[in-house]
Amino acid sequence: MEMFQPDFMQRAFLAAVLVGITAPSVGIYLVQRRQALMGDGIGHVALTGVGLGFLFQANPIWMAVLVCVLGAIVMELVRARGNQRGDIALAMLFYGGMAGGKLLVSMSSQAGSGSLESYLWGSILTVSPGDLAVIGGLAAVVVAVTAGLRRQLFAVCQDEEFARVTGLPVRVLNLLLAVMAAVTVTVAMRVVGLLLVSALMVVPVAAAQQLTRSFAATQAAAVSVGVVTALLGVGTSYQADLPSGPTIVILAILAFALFSAIAAPLAKRRHRAATEHGPAVCDVVLPGQNPNGQDPNAQGPNGDDAAEAPLPKAPLSGETLSSRGLAQ
């Protein structure tokens, strides 16, 4: 229990909880739209903000927020255009952010302090009371947006064209999601590190998807995995004198492996149950047909009404107006 006595460890655990909640809350939308590595790119850009903070002796978190938001907006605008040079532009943005950040840090008076290492890989010793207040405020904004606009963001991530037809402001929601991803990167960089923040946004979501079958359940399970792995990672890093970021990511990957091992027999059990019960058949009477599925005006082979003719005793097949086909 002595691990919980120092003030810096209490701040580290609080920051871990905030990061464990925030990162999967945004990551689930990035995974849904197949942009799992977006957080990694924003992390590269955030290094320029950290360098600016060192150079001008300002709070690196606030400078990283400003630079990340601008970088995320540029990334979203490039993605929306969808031209062939978009990948090249994003690559230049990512690598330019890394190179610019390193140059700015080397130009600052704090270049030899070793503080940059804590931003790259995370450090439980560097979360100050001021940093914790900033992280808490930013995390509250991210959670409020991702939870309050859950239906709208899900619709946009699932099908942009359908969301646009229904009247949703697709461009605004896409930009808002990009900004929230940028803010999440700055929230997590003191605990997980800029180089590994994308893993905590993606791996808990991927682990939760192994066992859950709905968006709400996946979101809740991903947040749970994120919080547990973040807390265990901070505690393990303190006990074993290890960097907190890599420790948290390794534990998240182990959670994914465990969930995958559990999901395999569950999937086989569901498949066996579906095979035993057979395909679902929908008993819906179409217009112009009687309850037996025949045209009431048709005649049988002997000139009788088809409605009075005996039906063949063949089993219904899965192609007979299944519920899935009716939904389509």
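How many disulfides does the count come to? The count comes to zero disulfides, a disulfide being a pair of cysteine sulfur atoms within 2.5 Å.

Before the close-ups, a word on the model: it is predicted, with local features needing pLDDT of at least 70, side-chain atom pairs counting only at pLDDT 80 or more, and totals for chains, interfaces and linings using all residues. Residues are numbered from 1 along each chain as its sequence is written, and side-chain values use heavy atoms, leaving out hydrogens and water.

**View 1. Here are two cysteines, Cys68 and Cys157.**

**View 2. Glutamine 35 sits in the loop between helix 1 (7-32) and helix 2 (38-55).** Helices here are DSSP runs of H or I with at least four residues, numbered from the N terminus. Glutamine 35 counts as buried because its relative accessibility is 15%. Beyond its neighbours within four places in sequence, it is in contact (heavy atoms within 4.5 Å) with Leu30 and Arg79. Its side chain also makes a polar contact with that of arginine 33, at 3.3 Å; such a contact pairs N or O atoms within 3.5 Å, one able to donate a hydrogen and the other to accept it.

**View 3. Helix 10 covers residues 197-209 and is mostly covered.** Eleven of its 13 residues are buried, among them Val197, Met201 and Val202.

Terms used: Helices (H or I, at least four residues) and strands (E, at least two) are DSSP runs, numbered from the N terminus. Buried means under 20% relative accessible area, exposed over 50%, partly exposed in between (1.4 Å probe, protein chains only). The expected span of a helix is 1.5 Å times one less than its number of residues.
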